[in-house]
Amino acid sequence: MRMTHHRKRIVCNAVHSVLFGWLACLPLPGMAALEQMDEAAMSNVSGAGLAFVWEDFRWLTKPTSYFEQVGSGTDPESTFQRGDLRWYGINVSAKEAGTTWTETGSSMDACASQGYGGLGCPRGGTISHFAAHDNPYVLRVMDYSGNGSGANQIGNGVVTWGGDTSTSKTVLELLAPTSQEDYRFSFWGEIEAGKGGPAADYGLLKTQTIIQGSAAGSVLQFFQSTEAGNPNFAFLYKSHLQGDFRFSANQVNGKDSDTLGTPVQFDAFEGMHFRNVDAFLPLGHLFYQAFTIDVPKDASGNDITNGNFVLALNEIPDNPAVYRRHYSLAVADSIHAGYQTARAALLANTYGATPSVTVPDNYFQTHGYSRWGDWFPCQGVGCPAVPTSMTVTDGTGAIIAQRNTFNDTSDGIFFSKCSGCTDFDAFAYTMTAVDVRAGQSQYNCPGGTECSGDGYNPRGTGSRFYKQNDSCKPSGGTGLNCGYGGGYSISAGSAYTNTSKVNPQAFFDAASAGTQTLPVIRTGVANLGDSRAEGLLINSFKFTSLGAQY
Amino acid sequence: MKKTLFFLLVLNVPATAFSEEQMALLNDEELSGVSARQGIALNFEMLINATLNASGEVVPDNCPTSALVAAGTPDCRFALQFNGIDDAWLVVKEYYGVFKLNEVHVDGVRTQDSVSGYCDAACQERFGVGFDPDDRPAIQLSYDHSDLGSNTAFYNDAEIFLNAGKVAAEFNQSDPGGNIIVPGYLRNETPGSAIGLKMADGVNGSGGPAQLRFDGKMMMYGY
């Protein structure tokens, strides 16, 4: 049913309607996520709001419908042109069995496989509790204030740009649930390459992105900037994504296509996987740091009128009260204080670790992190003794922590071949443990030479390759001289073989050039292990648009 | 007699835009003949500087031309100005779009009368002491998918087309006295931009607006 047209030339009012419509009707999954805030500690509360509940929810975009994000060409040499980059079929659905991007008749094609942990199937069923009635998305106005603590105290963390720790400011905020059912967010993408050039250079790269997990605890806040001389509209966003991620490109034979805009079916297993991810990114803080929009300035502070605009997260001010809250150091300030606090923060979230200092709660509001995999075993200062087994069990025999095997698909970072493809050769050195503290032993010899004098005994018999039934017994009790992960028996089983390749050590002048026989693990999955980035601190961030005369 | 009600909900449309094509108000007697009287179904359509051509593509419509506006802009726009930045506008050029909801059902309901198990301590802090979200009056939006299978390729609940061709800062043209001669939102000193956004369906928008399906229900209540 088509209605009559209603137009306004002054479209700004209509924009409000569009924004309201989006806000009221959509779950804003991209904005979801983020850090759970201890609001009692963060605020002197007054306010009320609207609650939005989504039950049995699913959002499916037609697989041929898309967003594209490229404006006009930026220069004559640019290969990216308008519309060359698109995201199709945005999906928010449940994790269980579902359907692909292709359709037969009026039905979506069922997934042939769930892949690893459900990451093989882009679209699922409905989400029972995307936002439960008693833990909904909330849109509200709140007054937040610092608790008046001294400049040398962290207090509740709230402080203005000028260092005021007691002034109350009003905030409009959109909060995601603090806990919600895990769900699947996915889309497929298309990049046109070589457009406008020779026909032989033109091609399409079609890819698929699947994210599974919870986006609980998101925080999006709007308020007036407290920065001196910049009483602008300001906002901050704290992103907390938890779950699994997969990026892939291999298409299923018979359901593939090299035609623009045509949905395809992607292989259920191929690609780059990240399991058990927990990533927090705080972009702004009440009230001393926030995003504002401006135009570029020259060195004298005058406008640069080149048509560009700036989206900037301001530099934190040179103010002791702000410094104390922003850095939230767990130890007395020194050249090592940032590292020591980050190390304690790492240990605070690591199985079996015993950090020697307690990290202030506010540290986890001002510092981001990106944790991939379960980070087991922990090794180094503050960690428990490194086990010599693959697993650690509790009193009942249940596994509570486990090393990643070379082809582990349940934890950490791994790459997988496509279904039916031949195995590939994975080649790796065992990880070298590097202790960079002054006065400590340091291991920095990828060629394996000059290490024995430092107490380093390469794993296995005369080589450092990760291979079959290779064991190492640490000497000196530290375990470090077996490389990271300590002493335990590696077994790649029948996947271990030899092949003729150039030794990567040749690139460090530590081996002769040319091919030689090397030990490899012939596998369909190569697990790279786990990763930790802790203590991510953003002092300033600036995005400047690129204007163009085309 | 069973009827399906279609309401035209129009926001921010001046009175002069209403026409005889508007649907007439129903009286109580007519309303009493409506099935499922607990709720209503409505269609919502908003076109912003847009129309559909014969091929079903969304195209800009009624945008100013240089002939219409001497100093003018050859496209539809919206512009934002920020507090403290008095001489510049953030201008979205070549701006037009369509937003439609098809047969969305609106009901007055009550939330579940028992806990979901998803409200943790942080959630309880959010509501404060004494608030009970169970069995609470709420407005509900949903779509009737009773005749659809979970795997049916149906995407007609919502349609969205958005074209934001270029985004750039444009500065006011002022005289030496500081009086604005041509405001920034009408100027085109930066005709290009690497930033743009389009939401549509089909190759180069040949399918018209992007199409979406929403299962389940959305409820809203205040606290």
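Predicted model: local features only at pLDDT ≥ 70, side-chain atom pairs only at ≥ 80, totals over all residues.
**Exercise 1. Describe chain B as a whole.**

Begin by counting elements: chain B holds two helices and twelve strands. Then put them in order along the sequence, which gives α-β-β-β-β-β-α-β-β-β-β-β-β-β. For burial, 44% of the 223 residues of chain B count as buried. For the contacts, take those between residues at least 6 apart in sequence; 72% of these join residues at least 24 apart.

**Exercise 2. Find disulfides and work out what they link.**

A reminder before you start: a disulfide is a covalent bond between the sulfur atoms of two cysteines.

How many disulfides are there over all chains? The cut-off for the sulfur atoms is within 2.5 Å, and the count comes to five.

Take chain A to begin with. A:Cys378 and A:Cys383 are bonded, with 1.7 Å between their sulfur atoms. The angle about this S-S bond is -55°, a left-handed link, and both A:Cys378 and A:Cys383 are buried.

Move on to A:Cys418 and A:Cys421, a disulfide with its sulfur atoms 1.7 Å apart. This link is left-handed too, at -55° about the S-S bond. Are its two cysteines buried or partly exposed? A:Cys418 counts as buried because its relative accessibility is 10%, while A:Cys421, at 28%, is partly exposed.

In chain B, B:Cys63 is joined to B:Cys76, S to S 1.6 Å. The link of B:Cys63 and B:Cys76 is left-handed, with -100° about the S-S bond. Both cysteines lie in the loop between β3 (58-60) and β4 (77-80) of chain B, so the pair ties together parts that are 13 residues apart in sequence. B:Cys63 and B:Cys76 are both buried. To finish, number the bonded cysteines of chain B in sequence order: the pairing reads 1-2, 3-4.

**Exercise 3. Follow the strands that pair with β22 of chain A.**

Locate β20 (residues 424-426) and β22 (residues 515-523) of chain A: they run antiparallel and are joined by three bridges. One residue to check here is A:Phe424, whose bridge partner in β22(A) is A:Thr523. Then go to β21 (residues 496-502) of chain A, which is antiparallel to β22(A) and joined to it by seven bridges. In this pairing, A:Asn498 stands opposite A:Pro519 of β22(A).

**Exercise 4. Check the span of helix α4 of chain A and find what it packs against.**

Helix α4 runs over residues 337-348, twelve residues in all. At 1.5 Å a residue it should span 16 Å, and the end C-alpha atoms are 16 Å apart, so the two agree. Among the buried residues of α4(A) are A:Ala337, A:Thr341 and A:Leu347. The buried residues of this helix pack against α5 (363-366) and β24 (531-536) of chain A.

**Exercise 5. Classify two aromatic pairs.**

Over all chains, a search finds 35 aromatic pairs. The ring centres of A:Tyr116 and A:Phe414 are 5.4 Å apart and the planes meet at 85°, so this pair is edge-to-face. A:Tyr116 sits in the loop between β5 (107-110) and β6 (127-131) of chain A and A:Phe414 in strand β19, so the pair ties together parts 298 residues apart in sequence. Both A:Tyr116 and A:Phe414 are buried.

Compare A:Phe222 and A:Phe233, a stacked pair at 5.8 Å centre to centre with 25° between the planes. A:Phe222 is partly exposed at 26%, and A:Phe233 is partly exposed at 38%.

Technical notes. Residues numbered from 1 in each chain as written. Chains lettered and ligands numbered in written order. Heavy atoms only, no water. Buried < 20%, exposed > 50% of the residue type's maximum accessible area, 1.4 Å probe, protein only. Helix = DSSP H or I, 4+ residues; strand = E, 2+ residues; numbered from the N terminus. Pairing = 2+ DSSP bridges. Expected span 1.5 Å × (residues − 1). Contact = heavy atoms within 4.5 Å. Phe/Tyr/Trp six-rings, centres within 6.5 Å; stacked < 30°, edge-to-face > 60°.
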